[in-house]
Amino acid sequence: MIIFKKLIFAVFSLIFLFSNNLFAKNNLKIMTENWPPLNYVKDGILIGPAVEIVQAIQNKINDKNEILVFPWKRAYNYTLTNKNNVLFSMARSEKRENLFKWIGPIAEKRYSFFAKKDFNFKINSLDDARKFTIGVQRGAHSEEFLTEEGFKDLQKANTGIQYIQMLFKNRFDLMLDSYSTVTKMVKDLGMNKNDLKEVFVVKKTLLYIAINKETDDNIVLQWQR
């Protein structure tokens with residue numbers, strides 16, 4: 001009887017340890033940013049189609065982790081440097097390809113240069129834009145892309161809304177972001193949509209859920225499935 005009790009105790013101890021390890025491996029830190037319309041906070045609630053996709057995955061795999069909202073640059077650095085960290089929605093660029101593990105795509109964005117309505121110059125290429133000052137979100141795909149293309153005079157803001165406000169204070173001539181994001185932010189700021197115009201479509205980019213590359217492949221596979 002004593003041997004039997006010891007055996008039962010040992011089995012339950014192993015189950016307890018296994019459960020704890022399993023929990024630890026799945027204790028993900030899931031992050032996003034305020035980037036309408038894909039993922040943003042409205043009236044204290046995180047909403048948007050990208051949020052709905054991530055929540056649907058969580059429901060499917062019984063993941064109970066809360067989605068946290070951070071400024072993009074901070075969330076990006078967290079995900080880049082910490083195991084079990086997850087971030088969405090991220091453009092999958094050549095520079096980032098081997099820095100993360102990828103789930104998706106979950107959306108497509110059209111990145112364009114935007115200017116105030118009184119901007120009277122023609123932009124037909126990236127080279128045409130080089131003579132102007134350009135606003136971008138700090139650490140975002142737009143900043144990375146333009147830096148890789150050799151742009152030097154970039155004015156950086158922490159949020160999209162911030163650099164729209166900077167544009168209208170004449171801090172720079174153009175800004176680069178996605179059409180859907182700019183349209184939503186202009187609406188949220190109570191501005192007339194005609195006060196801003198799309199002057200050149202730069203590229204279309206697929207967006208993904210990114211996971212720190214040190215995260216267990218079984219977790220990544222679970223999300224991918």
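1. Helices and strands here are DSSP runs, a helix having at least four residues and a strand at least two, numbered from the N terminus. In that numbering, helix α7 is followed by G190, whose phi is positive, near 75 degrees. The model is a predicted one, and the points below should be read with that in mind.

2. The sheet. Eight strands make up an open sheet with mixed pairing, in the order β4-β1-β5-β10-β6-β9-β7-β8. Its edge strands are β4 (67-69) and β8, each of which pairs on one side only. On average, neighbouring strands of this sheet are turned by 30 degrees against each other, direction ignored.

3. Strand β7 and its partners. Strand β7 covers residues 134-137 and runs parallel to strand β8 (residues 154-157), with four bridges joining the two. Within this pair, I134 stands opposite L154 of β8. β7 also pairs in the parallel sense with strand β9 (residues 174-178), over two bridges. There G135 has M175 of β9 as its bridge partner.

4. Six of the eight residues of α5 are buried, so the helix is largely enclosed by the rest of the structure. The buried residues are H141, S142, E143, E144, F145 and L146. Just after α5, G150 takes a positive phi of about 90 degrees.

5. S142 counts as buried because its relative accessibility is 3%, and the cut-off for buried is under 20%.

6. Helices α6 and α7. The axes of helix α6 (residues 160-168) and helix α7 (residues 179-188) come within 10 Å and cross at roughly 75 degrees. Angles of 65 to 115 degrees count as roughly perpendicular, and α6 and α7 are therefore roughly perpendicular to each other. In their contact, G160, I161 and I164 of α6 meet V182, M185 and V186 of α7. The residues of this contact divide into five nonpolar, one polar and no charged.

7. Helices across strands. α7 lies across β6 (100-116), β9 and β10 (196-212), and runs at about 110 degrees to β9. The buried residues of α7 are T181, V182, K184, M185 and V186. These buried residues pack against β2 (40-42), β6, α6, β9 and β10. Helix α8 (residues 217-224) lies across β1 (29-32), β6 and β10, running at about 65 degrees to β6.

8. Positive phi outside glycine. D43 has a positive phi, near 55 degrees, although it is a residue other than glycine. D43 sits in the loop between β2 and β3 (45-47). With a relative accessible area of 74%, D43 is exposed. N170, again a residue other than glycine, has a positive phi near 65 degrees. The place of N170 is in the loop between α6 and β9. N170 is exposed as well, with a relative accessible area of 57%.

Definitions and conventions:
Residues are numbered from 1 along each chain as its sequence is written. This is a predicted model: local features need pLDDT of at least 70, side-chain atom pairs count only at pLDDT 80 or more; totals for chains, interfaces and linings use all residues. Side-chain values use heavy atoms; hydrogens and water are left out. Two strands pair if DSSP finds at least two bridges between them. Axes are lines fitted to C-alpha atoms, for helices over the stretch in contact, and angles run from 0 to 180 degrees between N-to-C directions. Angles under 35 degrees count as roughly parallel, over 145 as roughly antiparallel, 65 to 115 as roughly perpendicular and the rest as oblique. Contact means heavy atoms within 4.5 Å. Ala, Val, Leu, Ile, Met, Phe, Trp, Tyr, Cys and Pro count as nonpolar, Asp, Glu, Lys and Arg as charged, and the others, Gly among them, as polar. Buried means under 20% relative accessible area, exposed over 50%, partly exposed in between (1.4 Å probe, protein chains only).
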